[in-house]
Each structure stands twice: as structure tokens, then as C-alpha cells.
Amino acid sequence: MELKDAIEGRRSIRGYKPDPVSRDLLEEIIALANRAPSSMNTQPWHFHVITGDVLDQVRKGNSEKMLAGEPPRREIEAHRAYEGIHRERQVEIAKQLFAAMGIEREDKARRQDWVMRGFRQFDAPVSVVVTYDRPLLEHGPVAIFDAGAATYGLVLAAWDRGLGAVINGQGIMQSPVVREAAKIPEDEIILTCVALGWPDEEFEANAVRSTRRDVGETASFLGFDD
Ligand SMILES: Cc1cc2nc3c(=O)[nH]c(=O)nc-3n(C[C@H](O)[C@H](O)[C@H](O)COP(=O)(O)O)c2cc1C
């Protein structure tokens, strides 16, 4: 696949076939993700790839605690609710997803069900828990930037091979559960996870194409002739 086609075509996948993903293929994708640039080539990221019983344990613990109303326990600073234009964009994608799934605004049960799907990592056969080296915490957000670059590489490499993925902050909301089940070493900080698997083409939300600002809005150019 052309890089342009992978970038253009990729979208978050939130419905998966139950078919397993081979370890060889996952290793191939991670090898590509590892080619991401990083500050002074520090390569601070780790990918903990979980499936089967381990992933089921994470899904169960995360979902049960969220359903019981326990406050989220993430290891990166919790963000407050988005406001202004960022909130508008958040609402826009939520509306697109709910429209695709036929979930009405008043349908609290199905909306709740959708949120729970996120806590279950959309029932994907694989989850990649992304962490970074704790000693870099005191160096500010650069290591998080680096891990983000590697994570995007992972998602694109997966897409290139016909796999779908969604970066999924909901999946690590109860990070102590993830830490225990996935045996995350103490010297790493959990950032997020990526749900991954073969896309279910019948799942309506998988067709949703989120909007983007155009170049005129995201970039400014100075010192050019025209
Ligand atoms: C850091 C991060 C966390 C995310 N967490 C979630 C999540 O918890 N649940 C979810 O459904 N999507 C999540 N997403 C996916 C975004 O909603 C999605 O990337 C965005 O709406 C743009 O859509 P696209 O990926 O289809 O282009 C997350 C994405 C990122 C980068």
C-alpha cells in the first residue's frame, strides 16, 4: 500500500472479527513502529502485547470498576472535560459514530453500552499497552511525544497489512488492573493502549470518516514568495 493511501484510508476501527492475529505479524508491525524518531534517539516506548486470558482479565477488571463508578486511575495526568472548539470536535465525532450505529440521543442504554464497549477494548482480539520509561518523567512531555509517534507508526503499519486498530484511552482507565494483568514493570508508565484486530466490515462505525481541518487552518507559512 502507498503511504498516502494508508494515511488517507486509515480510520479507527471499533468492531472486530474474533480471528486471532499471529505473533509473527504483530512482531513485524512493532518492528516498523520502532523506526519512529525520538528525542536524541532515546526510544522510550514499550509495547506490551496481550491477548487471550490476559486481555480478558484486563477487560473484566477495567469494565467492572468503571461500571461500579470507581474514579479512573490512569498514570498520566487526567484531563478535564474538553471545552470550546475541542469539545465541538469531540461532539462531532461522537455524533458521527452514534449516527452510524443508529444510537439515538435519548437512548441511554445503548449509549452506555457503547461506552462499555470502549472499556472492553471493543472486544478486539489483541491489545497493545503502550508505556514509556519512568525515569524520563522528569524530562517533561518529550517522551510522551516520542511514544505517540511510535504508536501512530504502529497503527499505520497495522492498517497497511489489513488490520484495524483504535488507540483507546478507555482501555487503561483502571491502570492498576492493566499493570497487574499485563505484568508492566514498575519502571514504566502506562500511557494508553491500542485495540487491534481484523476489521468487521459489517460493523457500521468502522466506516466513519472523521473530519479534519484543512492546511489553511492547521498551518501558517511565512517567508514564501507567494
Ligand atoms: C490518545 C488517544 C486516545 C483515544 N482514546 C479513545 C477511546 O478511549 N475511545 C475511542 O473510541 N476512541 C479513542 N481514540 C480514537 C479517536 O477518537 C480518533 O482517533 C479520532 O476521533 C479521529 O478518528 P480516526 O482515528 O478515525 O481518524 C483515541 C485516540 C487517541 C489518539
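The legends below describe close-up views of a predicted model.

**View A. The shell around the ligand.** The residues that surround the ligand include Arg11, Ser12 and Arg14, together with the run Val166, Ile167, Asn168, Gly169 and Gln170, and also Thr192 and Ser210. Sorted by kind, the residues of this shell divide into three nonpolar, seven polar and two charged.

**View B. Helix 6 and its surroundings.** Helix 6, which covers residues 142-160, has 19 residues and reaches 27 Å from its first C-alpha to its last, close to the 27 Å expected at 1.5 Å a residue. Among its buried residues are Ala143, Asp146, Ala150, Leu154 and Trp159, and the buried residues of helix 6 pack against helix 1, helix 2, strand 1, strand 2, strand 3 and strand 4. The helix is followed by Gly162, whose phi is positive, near 85°.

**View C. The largest nonpolar core.** This core has 43 residues, of which Val129, Leu154, Ala158, Ala165, Val178, Val194 and Leu196 touch the most other members. Several elements each supply at least two residues of the core, including helix 2, helix 3, strand 3 and helix 7, while the largest share, eight residues, comes from helix 6. Val194 touches, among others, Thr151, Leu154 and Val155, as well as Ala165 and Ile167.

**View D. Phe203 in its loop.** Phe203 lies in the loop between strand 4 and helix 8. Because 17 other C-beta atoms lie within 10 Å, Phe203 counts as partly exposed, a class that falls between buried, at 20 or more, and exposed, at 12 or fewer. Phe203 and Glu28 are 175 residues apart in sequence and 27 Å apart in space, C-alpha to C-alpha.

Terms used. Residues are numbered from 1 along each chain as its sequence is written. This is a predicted model: local features need pLDDT of at least 70, side-chain atom pairs count only at pLDDT 80 or more; totals for chains, interfaces and linings use all residues. A residue is near a molecule or strand if its C-beta atom, placed from the backbone, lies within 6 Å of it. Ala, Val, Leu, Ile, Met, Phe, Trp, Tyr, Cys and Pro count as nonpolar, Asp, Glu, Lys and Arg as charged, and the others, Gly among them, as polar. Helices (H or I, at least four residues) and strands (E, at least two) are DSSP runs, numbered from the N terminus. The expected span of a helix is 1.5 Å times one less than its number of residues. Two residues are in contact if their C-beta atoms, placed from the backbone, lie within 7 Å. A nonpolar core is a set of buried Ala, Val, Leu, Ile, Met, Phe, Trp, Tyr and Cys residues joined through C-beta atoms within 7 Å. Lists of a residue's contacts leave out its neighbours within four places in sequence.
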